[in-house]
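Trainee: I'm new to this one. Can you walk me through it?

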Amino acid sequence: MSGVSCPGSVRSAMPKDLRPNGYNQHQASKRGTCSCFQMPLHYPRYKKSDYETMPEWRLDCLLKEYGLPAIGDANQKRKFAMGAFLWPSENE
């Protein structure tokens, strides 16, 4: 789902003239590199029950925040998120 604005995400809190990797636009262009993805500092701390009741827009934001594809319907996204973020013992 493109065009979804994720409240509280790293990108929404950044000034417009800064790149997500911490370098401003001028410095990044000098180095010839550009990165649009920044790994969040913390691993998500949701339980299986949280993923099962999580609205689709929140799943989209969570997957996008970790650079993962947010494709399919809500149930497919839930299953993917649980597989990506829950330990096998938590997923039972």
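Mentor: We'll go from the overall fold to the charged residues and then the core.

Mentor: This is a predicted model, so to speak of local features we need pLDDT of at least 70, side-chain atom pairs count only at pLDDT 80 or more, and totals for chains, interfaces and linings use all residues. Residues are numbered from 1 along each chain as its sequence is written, and side-chain values use heavy atoms, with hydrogens and water left out.

Trainee: How many helices and strands does the chain have?

Mentor: 4 helices and 0 strands. The pattern along the sequence is α-α-α-α. Helices (H or I, at least four residues) and strands (E, at least two) are DSSP runs, numbered from the N terminus.

Trainee: What share of the residues count as buried?

Mentor: 25% of the 92 residues. Buried means under 20% relative accessible area, exposed over 50%, and partly exposed in between (1.4 Å probe, protein chains only).

Trainee: Which residues of H3 are buried?

Mentor: In H3, residues 56-65, they are Leu59, Asp60, Cys61, Leu62 and Leu63. Their cover includes helix H2 (48-53) and helix H4 (74-85). After H3 comes Gly67, with a positive phi near 75°.

Trainee: Now charges. How many salt bridges are there?

Mentor: The whole structure has 2 salt bridges. A salt bridge is a side-chain nitrogen of Lys or Arg within 4 Å of a carboxyl oxygen of Asp or Glu.

Trainee: Which residue does Glu56 pair with?

Mentor: Lys77, with the closest N and O atoms 2.8 Å apart. Glu56 is in helix H3 and Lys77 in helix H4, so the pair ties together parts 21 residues apart in sequence.

Trainee: And what about Lys77 and Asp60?

Mentor: Their side chains meet in a salt bridge too, at 2.6 Å from N to O. This pair also links helix H4 to helix H3, with the two residues 17 apart. Glu56, Asp60 and Lys77 are linked in a network of salt bridges.

Trainee: Is Lys77 buried or exposed?

Mentor: Buried, because its relative accessible area is 3%. Asp60 is buried as well, at 2%. Glu56 counts as partly exposed, at 32% relative accessibility.

Trainee: Where does Arg78 lie?

Mentor: In helix H4. Arg78 is buried yet has no salt bridge. The nearest side chain of opposite charge is Glu56, 7.2 Å away. For charge, Lys and Arg count as positive and Asp and Glu as negative, while His and the chain ends are not counted.

Trainee: So what does Arg78 touch?

Mentor: Leaving out residues up to four places away in sequence, Arg78 touches Tyr51, Glu52, Thr53, Met54, Pro55 and Leu59. Contact means heavy atoms within 4.5 Å. A polar atom of the Arg78 side chain lies 2.6 Å from the backbone oxygen of Met54.

Trainee: Switching topic. Which residues make up the largest nonpolar core?

Mentor: There are 11 residues in all, among them Tyr51, Met54, Leu59, Leu62, Ala81 and Phe85. H3 and H4 each supply at least two residues of this core. A nonpolar core is a set of buried Ala, Val, Leu, Ile, Met, Phe, Trp, Tyr and Cys residues joined through side-chain atoms within 4.5 Å.

Trainee: Last one. Where does Arg45 lie?

Mentor: In the loop between helix H1 (25-31) and H2. Arg45 counts as exposed, because its relative accessibility is 77%. Arg45 and Phe85 are 40 residues apart in sequence and 8.4 Å apart in space, C-alpha to C-alpha.

Methods: Polar contact = N/O pair within 3.5 Å; in protein donor to acceptor, adjacent residues only side chain to side chain.
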